[in-house]
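Trainee: Please show me the model, and then let us go through it by question and answer.

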Amino acid sequence: MAIDPGLRRLALNTLLAAFPGHAAPDWAGELLAEGLAGHTLFGANVGEPEQVARLTAQLRSARPDALIAIDEEGGDVTRLGHRTGSPYPGNAALGAADDPELTRRIYAAIGADLAAVGINLNLAPTVDVNSVAENPIIGTRSFGAGPALVARHTGAAVAGLQANGVAACAKHFPGHGATVTDSHLELPTVDVPLAVLRERDLPPFAAAVEAGTRAVMSAHIRVPELTGDGPATFSRAALAGLLRGELGFRGAIVTDALEMRGAAATAGSIPRAAVTALAAGADLLCIGAVVDRALVEAIAAEIAAATGDGRLGLARLEDAVARTAELAAWSATPRPAGPADGDLGVEAARRGMIVEGDPAELRSPLVVQFVAGHSIAEGRVPWGLGPHLDGIEQIEVPADGTTPEALAAAAGDRPIVLVGRRLHSSPAARTLIGKLAAERPVGVVEMGWPSPWRPERVRVYVVTHGASLANGRAAAEALHLHHAA
């Protein structure tokens, strides 16, 4: 059945698509000209800054007010820096430094970088309160474990980004920080009373609204007392009731990627997820990273059909389009305020780092980096001390299957510095560190979310609160393994 052209255009105006490669395929521009709200860029779209600027100009030639979005959180989640790591520390280090003005400056620098290449919607900051240390998807993306701390840095981050004409999108509403599963892979449940949600998870979102954030992203998490059996993205009580009604948010509600299993599997398909999210109160739908024209057309057709069969009111669709248009108009001309201080990221990383012990006891060490996995949000991004080591050998090993004898043989008479992420969660790494520290001078660099665990007998313990390029340099400097020019 042919889709009504007017309904198709309305439906397209609620969608953020995506495409592979450093240049947009023809269909990506054609759909923008036909009403598509915009596209999200991922690491596969990003090369040199000049290339990104050409790409965004290409997209704008089809639609001047196109929304061009990206996940540029700094720290462990970076798209502009996906080949090297971010030059800025992430939220956990900024929260550890606890200087909101520093946070504002870092986010202003991120905003300037995005504006300079034509990106106008940053799917950041992450404002979840990381109240569960073993959270597999938030961790160092969070400013911290306390709502007041996270709230004051949220306001600073929003102000910094938007000073450059780049729209902020506070995420993941109503709070992903207490989850122990990843919504990319399944639907997490946070089974707490609304009173706990209001006290623990909502203050940062209230701070984002007060700071004037142009967008808020919904989470694919289930809070039974609020959302029933489905995720917040599909919950009118969460989006229209709590976010719009109670917190007074008037900007655009953006969904997390609908391809994630927390959404698509719950609804039965991505097109059905799109309809359910719009009906709940979402305005701008992130489809995900794996998108082609056929999928966009299928979603648009499903939205149009839903306005005729009672699943989606036409007025609700028109309201979503109006809010998305308002966001597009505000962010149509990102305006970088000027280049940031080139040392700002490293300065911030230094201030967000903890160093216990005397690095002088670890002169000319062997650096051993433990192999670590990555979340889907992070992707494969280089991390560690390697790029910053001046004449210092580094090897990379898995914690499982590596013996202290093998590392001792590799080190010879040298001390050993062990570098990892979430070392406390690896029994093999903890055992290995303990055995080595009993025999020789050992240092440990923790680049993930910290824990109360402290390795015994190590001479130096460094907590970076993140694994960005800036965090790695700060740690290397602290251990006297890198000498600034």
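Mentor: Two strands pair if DSSP finds at least two bridges between them, and strands are DSSP runs of E with at least two residues, numbered from the N terminus. This is a predicted model, where local features need pLDDT of at least 70, side-chain atom pairs count only at pLDDT 80 or more, and totals for chains, interfaces and linings use all residues. Residues are numbered from 1 along each chain as its sequence is written, and side-chain values use heavy atoms, without hydrogens and water.

Trainee: In which sense do β10 and β12 pair?

Mentor: β10 covers residues 366-370, and β12 covers residues 416-420. Over four bridges, the sense of the pairing is parallel.

Trainee: Which residue of β11 is the bridge partner of V368?

Mentor: Strand β11 spans residues 394-397 and pairs with β10 in the parallel sense over four bridges. In β11, the partner of V368 is I395.

Trainee: Which residues point the other way from L366, V368 and F370 in β10?

Mentor: In a regular strand the side chains alternate between the two faces of the sheet. Pointing opposite to L366, V368 and F370 are V367 and Q369.

Trainee: How many residues of the lining of the largest pocket are charged?

Mentor: The lining includes F42, D71 and R79, among those nearest the pocket centre. Asp, Glu, Lys and Arg count as charged. Beside 14 nonpolar and ten polar residues, the charged ones number nine.

Technical notes: Buried means under 20% relative accessible area, exposed over 50%, partly exposed in between (1.4 Å probe, protein chains only). On a 1 Å grid over the protein atoms alone, a cavity is a set of points where a 1.4 Å probe fits but cannot get out, and a pocket is an open set with protein on both sides within 12 Å along at least five of seven lines; lining residues have an atom within 4 Å of a point.
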